[in-house]
Amino acid sequence: MGDIARQAPDKDTGEDIYQYLLERITTLENRNLELREQFRQMESEKRYVETQKIRYERELRKLKSEIEQLRSPPLVIGTVTDVIDNSRVIVRSSAGPRFLVRTSQLIDPDLLKPGVRCTLNQQSLAIVDVLPTSYDAQIYGMELVESPKETYENIGGLGPQIEEIREAVELPLTKPHLFEKVGIAPPKGVLLYGPPGTGKTLLARAVAHQTNAHFLRVVGSELVQKYIGEGARLVRELFDLAKQKAPSIIFIDEIDAIGAHRNDSTTSGDREVQRTLMQLLAEMDGFDNRGDVKIIAATNRIDILDRALLRPGRFDRMIEIPLPDLEGRLAILKIHTMNMSLGEDVNLAEVARLTEGKNGAELRAICMEAGMFAIRMEHETVSHEDFIKAIEKLSTDFDRHHFHTSFGEMFA
Ligand SMILES: Nc1ncnc2c1ncn2[C@@H]1O[C@H](COP(=O)(O)OP(=O)(O)OP(=O)(O)O)[C@@H](O)[C@H]1O
């Protein structure tokens, strides 16, 4: 401000005035710039505060509705057994007895059909809301895909395994009459076993693609850990859903989490696992071989599986999915570099030779990492050198991770 308010010279020569005005213009311009910058900063602060305000308001609304929910009395769950008219319905409460209850005007009468689950007011037992069907796949974290996009061409190596699974799962789904004619029962389920990352999930998805079947995936450990006490019910609903969506393929990953052999089940966690396994066996025994629901399970630990699972009529086909050999690794590398721009010097056969012991998932990671090296160097194609650096990087990453885990386990 001092600069701006500087006094004009008393006695002026033209030169002085000119000089004075020039200085004053420069000072004012600088000041203008400063103020603009301040204005810009304040604007951006304002925007920030505004977004913060919106966020807090949203959070406040969420918390308020949560408080409201916590304050509201619990609702009784019931199932509609009969609809008398638009305002009266017979429901069976989850506790057992049946009641004739009123329904709110707000509920669409078309939704109230026998078999539908609903919530009831604790005192009047009036219907408050209609619940979605109990086997809503997403609620339970099941993965349901209409027809996965993976095909057999996306699988490197594993030729004989693909043949075997096509025979055991695809043929009964696409040509069931062949089995009928010959008079043998097609397998209900197939067990894929082998080290992690070798393409078991990929294979199951490709079969579902080939047969235009729905693909339903659940993870064994999640069935028993995520929804405690619900494992057996989830298995039942999984099979119901699979039948409803048939043709379908149920893929149970990490089946060892529910199907491990145990001597005695003493802890409640063990009992929960046992109940889930029993339900799985009952479901497998209960459905027809000729039906269009097939089960594929996967495990890295076939050695600990309960023999009951491997009995005829259950997972009586076992297919080993091993680590890829040299030829397999080359095929996998070709698949994962298919859409990459490779330099002329890239020798995938050499990359395959250098990656002995790596699984499909690691080979895919090597291809991606090689691409990243090229991008970092702003190259448009990936060179052989990029692949070599990627192999080195992933090997050190793996060693470090492995070292940390084993180090951690030592002190756990
Ligand atoms: N044989 C293969 N051919 C092509 N890609 C493969 C192969 N094996 C693994 N991959 C790649 O690795 C990813 C992970 O493999 P996938 O999930 O199928 O392995 P998995 O055997 O089911 O492993 P896990 O036992 O850990 O569940 C696949 O999505 C695929 O990109």
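**Ligand shell and backbone of a predicted model**

Tutor: A polar side-chain atom of threonine 201 lies 2.6 Å from an oxygen atom of the ligand. This is a predicted model, where local features need pLDDT of at least 70, side-chain atom pairs count only at pLDDT 80 or more, and totals for chains, interfaces and linings use all residues. Residues are numbered from 1 along each chain as its sequence is written, and side-chain values use heavy atoms, with hydrogens and water left out.

Student: Which backbone atoms are listed with the ligand?

Tutor: A polar backbone atom of glycine 156 is 2.9 Å from a ligand nitrogen, and one of threonine 198 is 3.1 Å from a ligand oxygen. The protein covers 81% of the 630 Å² of accessible area that the ligand has on its own (Shrake-Rupley method, 1.4 Å probe).

Student: Why are 18 residues said to surround the ligand?

Tutor: A residue is near a molecule if one of its heavy atoms lies within 4 Å of it. The shell holds 18 residues, with Gly156, Gly197, Lys200, Thr201 and His336 the closest.

Student: How do you know how many residues of the shell are nonpolar, polar or charged?

Tutor: Asp, Glu, Lys and Arg count as charged, Ala, Val, Leu, Ile, Met, Phe, Trp, Tyr, Cys and Pro as nonpolar, and the others, Gly among them, as polar. The shell then divides into six nonpolar, nine polar and three charged.

Student: What is noted about the phi of glutamate 254?

Tutor: Glutamate 254 has a positive phi of about 50° although it is not a glycine. Most residues other than glycine have a negative phi.

Methods:
A polar contact is a pair of N or O atoms within 3.5 Å; within protein, one must be able to donate a hydrogen and the other to accept it, and residues adjacent in sequence count only if both atoms are side-chain atoms.
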